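Please look over the sequence and the 3D structure shown below before reading on. The report that follows takes up a few loops, a sheet and an interface in turn.

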Amino acid sequence: MRSNAISLINNIGYPRLIIASFLLLLLIMAFVLEMDMPDLFSSVLIRTAMNGILVLAMVPSIKAGLGPNFALPIGIVCGLVGAVVSIEMGYQGFAGFFSALAIAIPLAILAGIIYGYLLNKVKGQEMTVGTYAGFSIASGMCIFWLLAPLYSPKMIWPYGGAGLRVTITLDGIFDKVLNNFLSFEIFGMWVPTGLILFWIICSLLVKMFARSKTGLAMQAAGSNPGFARSSGINVNQTRIIGNTISTVLGAIGILVYAQSYGFLQLYTAPLFMAFPAVAAILIGGASINKATITHVFIGTFLFQSLLVVAMPVTNLIIQGNMAEIARIIIGNGMILYALTRSVGSE
Amino acid sequence: MSVDLILEMKGIEKDYYGNKVLKGIDLKLGPGEVHAMIGENGAGKSTLMNILFGMPVIRKTGGFKGQILIDGNEVTINSPEEAMALGIGMVHQEFMLIPGFTLTENIKLNREITNPNLISKVLGQKLEGLNFNKMNQDARDALDSLGLAVDETKLISGLPVSYMQFVEIAREIDKKNIKVMVFDEPTAALTEEDAETLLVVMKKITDSGISILFISHRLDEVLKVADRITVIRDGEIVGQPNRQNTSVHELARLMVGRKVERVKKEVDQEEFLTRSEIMRIKNLRVEMPGEAVKGLDLTIKQGEILGIGGLAGQGKIGIANGIMGLYESTGEIYFQGQKIGLNSPTEALKQGLAFVSEDRRGVGLLLDESIERNIGLTAMQIQGKFLKQIARFKFINLEDHDILRKHALKMIENLDIRCTGPDQLTQRLSGGNQQKVCIARAITMNPELLFVSEPTRGIDVGAKKIVLDLLVRLNEERGMTIVITSSEMAELKMIADRIAIVYNGELEGILSPDASDVEFGLMMAGEYKNKEVS
Amino acid sequence: MMMNEGIKLSEDKGLKVNETNRIKDRLFKILQRNIVPIIFTITCLFGMMMANIPIPFLLTSIFTRIFRNSFMVLSLIIPVMAGMGLNFGIVLGAMAGQMALVAITHWEITGGLGLFVAFIITTPIALFFGWLAGIILNKARGREMITSLILGFFANGLYQLFFLYFMGTIIPIKNKTLMLSTGVGVRNTVDLKAIKYALDRAFTGIIDFNGWLKGIAEMIFGQITFMPYVPLATFLLIILLCLGLKFFTKTKMGQEFRSVGQNNHISEIMGINVEKTRILSVVISTVLAGWAQLIFLQNIGTLNTYGSHVQVGLFAVAALLIGGASVTRATIGQALLGTVLFHTLFIIAPLTGQVLLGDPQVGEYFRVFAAYGVIGVALGLHAWQKQREIRDKLKSD
């Protein structure tokens, strides 16, 4: 009995167990404090689904043997460029959203291929190099936002000042186009059907890719390059493919995130966006070299709902924004835990 | 030889997880004596040295039985440091030298000479300053005693490889208390002339009263320098002759000799001669680290089982790895009369070759994938098996799980893979069953010619027999040509029609499985060609 | 003890390169090794010319920043020596220093004594943090750098938790001037006027060092109108650290650090306690970083409770790399040169941006980009070299 219980705990993993119990505790507290539960649940749904694709972006990169994609900001800035160009061209609603996608995806493919090629030169150090590659691209793009030849009044400062605004409101552009699509209310809880559907479709596509000839080759190369080579698989190529898909998902992910959030965040905002996504998938039970779609779903749900529920509950008990600190501690703590667990590559 | 012994090992026994690797070894070493130890790979030489050196791996696996005596006193050696303190030094096969350090710094590594200063008096000895003058002087003396004229303040990274072995020896000599020096295959990385020089240096060392334990497989070298020779086979001493009353022949016979029962029927010699060639290998060179092939010629006959044997490091492993495109290689390969390209696994696989690697965990298996994926993946990538398309989208190739499952079930039944089902992860399987999965992966390709390397390494006795039987069955029932590479001569004798012995990256000769032990021993030691000439 | 006739060994053929090539190679190598500082020097010079920055202003600012920051950059050298790479975890040291500053502000210990007490308090806290960091980094061998970076982020979370929620609740604080108006949590900025320049001007009034400097300079250059200020005590402390580091490399322990840095496996076989050595290197680095943060903040004069430490790792590492250091090799000279170049860039980038593109923001973004970029490139080059080394090693066997 005892050993069974222990093996069950080991299977679930201590971090997941701790976080899940903590979440449960918070939910109970929320209930006791008579908070608006349906509202809370619909926030959980929205936050989970809007972050989901950014977390999903970790899957192909981990499967391809690159580790979590710490260079996610590369994909994210591609998505943002897509959005600002689409706004400049004056598209609105779904047209705006999809034209942003249409511009962002080819950019992300290009960036993913180039960066993937670089990653092949730094095998074994992808995470460290990736972190700073992401940082430098994101900070380099600050100059772009400042100097970009874009003049839409929705994006530039109203009273002069150079460059694009730090946050661009999407109100009247493509704010919540996915969230509102087929949305409905049930027991007072608002369900953003389109957003969830979009996340699920993306997940299914990634899953389908994982079952394809190329996808299987990529996973083989990720989990054992020696096996892959002896099966005639071009390991460098599958690594580039994995990185490219991850970058594209990063670009899509930020657009989905932005339309739900209602704002485009430029300049330094993308800098640290990889870390919560990495933390989420690790919380879901993934490790640096193994990840599945299930990990994405569980991890995003646990991490995001924890943050959503923690904020109002702690606000009632103590002053100040405890949720932000919780995010930092839990997120980075999780990454730290994962980094110190599996054996180093060198 | 004097009666008092420097080192004595008595009744040493050691098992790894129930597998006995040393069965009561006795060893005596007098002052100034060179004692050589020879044996096939896996005979137990390195385990014995690990015990003598107090390596942690021995303690971690449950210790050993027997006694070690130094200068007649029983000692326990729990760590390499303790071994060093007792005067046992080791010249490692791979160089334990830090390239960015000078010769002096390497020779004096962790034995630096220091001067106390004000700060060290407060904060501890570790902050004592280094006395490079004295250290250089010591290093100079040690190098001079070997006759090595290289500047001791130079960096190791700027030295030719041939010097490194000698720097290591200088380091051991510099430990003033040294009594016994172990040389673990010291000539393996040296050219022939340098090896000669090393032998001279060894003589110099023993002249000063230090004893040497010399592990080697070059029989001629052993006979040149050793006073006594211990031959180990399967964890037992099979002979301990003095140099004067033994010969290359006798050593070769002792090293290999073993009775085996044949599994496969003998082939009809006359019919065999008429068989066509399936593959001709010409001047094959493979850059596989530690197993380089240096210009090998070999022909393989249709439908045979060809064994490839030889000692570790001689290049036998490199042959299949080179032909399959896993390591950079040059030369000409004709397969069924056609010349095939090298350096491309895809090309080799497409031609109808398949390979069961010696590195089961590194190359053979995807440990965190299911049995069925392991079996099917190569055939899927190369031959497009187990794939289906969605509607008319030709570019979408999805895994056809039903067909793969059916095939996997058939393989599991045919090869008798013991598992909970085709979706079990291969890491949960026993070594023998993992090997069967590897073979299943290879034969799913329907190869004309199958290379199998070290098929029984690391699996238990019962499973060994099953794997060998399986290979014979594949050969007899399907007419598949099989090239099996193995360090265990016995299993080659059990199933091969012919046995090719590789020495120093080249073909030393081909023997019939019932050839004498002396012939096998000589070939493996590279003395066969020499004998023919003389 | 033995005969003295020399032995002859075969030489590698590749080793005999003819002399002219060698000189060319060496020149090329020097250039290659110093390419980063060269590029940044050119960038800085270009920026200076473009923006036409007055030299007195530039020199004064650079001097201030050198004395403020070089201690921190120097604290990175020892982990590099021990093979731990660039220790982004110095943030932990900075936190220790800030904790000490909050403590002395609370107790209202002022002036030189206050700073001295801060040094005393910082040390054990930094020792403890460094020890923890060392243990964690030992568990993440082969990816120390990303781990130390994340460790810094993680510790920052705990630091915020401590200062925002524990202070005033779990830890009762009597001195209300430190606290936010709610009584819980430390204010965003803590005034350090009480210890401002406590170190920089420790000897003012005892010796007129800057007066002498000016005198000497006038003897050489004739009449000069301005003279950058040199904080004597800080200056001496930095020199002391440099000498200490130099001394350290020549001790037994230094030799162990270098040996562990070059090869863990061989060091272990030779009886060096690798794990302990690695932990010790992080501990030393963390303590030095703690002191460095005190030096930095006594010069600035205000503590940004939740911000002063955040960029410490980034800026120090970038400075070191700009000085020409790599992940495996860092010298005192590189640290100092890097500090000069990085902070020159810091001062002139906004001004140049203003002149060239009409917006100082461009320059500010550019310097952040340069900091991240130079780290990214250095890490990438390091990984690439390592990959090539492994390949070469396999081939040469």
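A residue is called buried under 20% relative accessible area, exposed over 50%, and partly exposed in between, with a 1.4 Å probe and protein chains only. A:E34 has a relative accessibility of 71% and therefore counts as exposed. The model is a predicted one, in which local features need pLDDT of at least 70 and side-chain atom pairs count only at pLDDT 80 or more, while totals for chains, interfaces and linings use all residues. Residues are numbered from 1 along each chain as its sequence is written, chains are lettered from A and ligands numbered from 1 in the order in which they are written, and side-chain values use heavy atoms, with hydrogens and water left out.

A:E34 sits in the loop between α2 (14-32) and α3 (37-56) of chain A, where helices (H or I, at least four residues) and strands (E, at least two) are DSSP runs numbered from the N terminus. Although A:E34 is not a glycine, its phi is positive, at about 60°. In chain C, the loop between α5 (90-107) and α6 (111-138) holds C:E108, a residue other than glycine whose phi is also positive, near 55°. C:E108 is exposed, with a relative accessible area of 59%.

## An open sheet in chain B

In chain B, four strands form an open antiparallel sheet in the order β14-β13-β16-β17, where two strands pair if DSSP finds at least two bridges between them. Because β14 (293-301) and β17 (338-340) of chain B stand at the edges with a single partner strand each, one side of each is left without a neighbour in the sheet.

Strand β13 (residues 277-286) of chain B pairs with β14(B) in the antiparallel sense over seven bridges, and B:E277 has B:K301 as its bridge partner in β14(B).

## Where chains C and A meet

Contact means heavy atoms within 4.5 Å, and 40 residues of chain C are in contact with 44 residues of chain A. The two chains bury about 3,700 Å² between them, 74% of it on carbon and sulfur atoms; buried area is the accessible area (1.4 Å probe) that two parts lose on being put together, summed over both. C:R143, C:Y165 and C:Y372 supply 20% of the area that chain C buries against chain A, more than any other three residues.

Between chain C and chain A there are zero salt bridges, a salt bridge being a side-chain nitrogen of Lys or Arg within 4 Å of a carboxyl oxygen of Asp or Glu.
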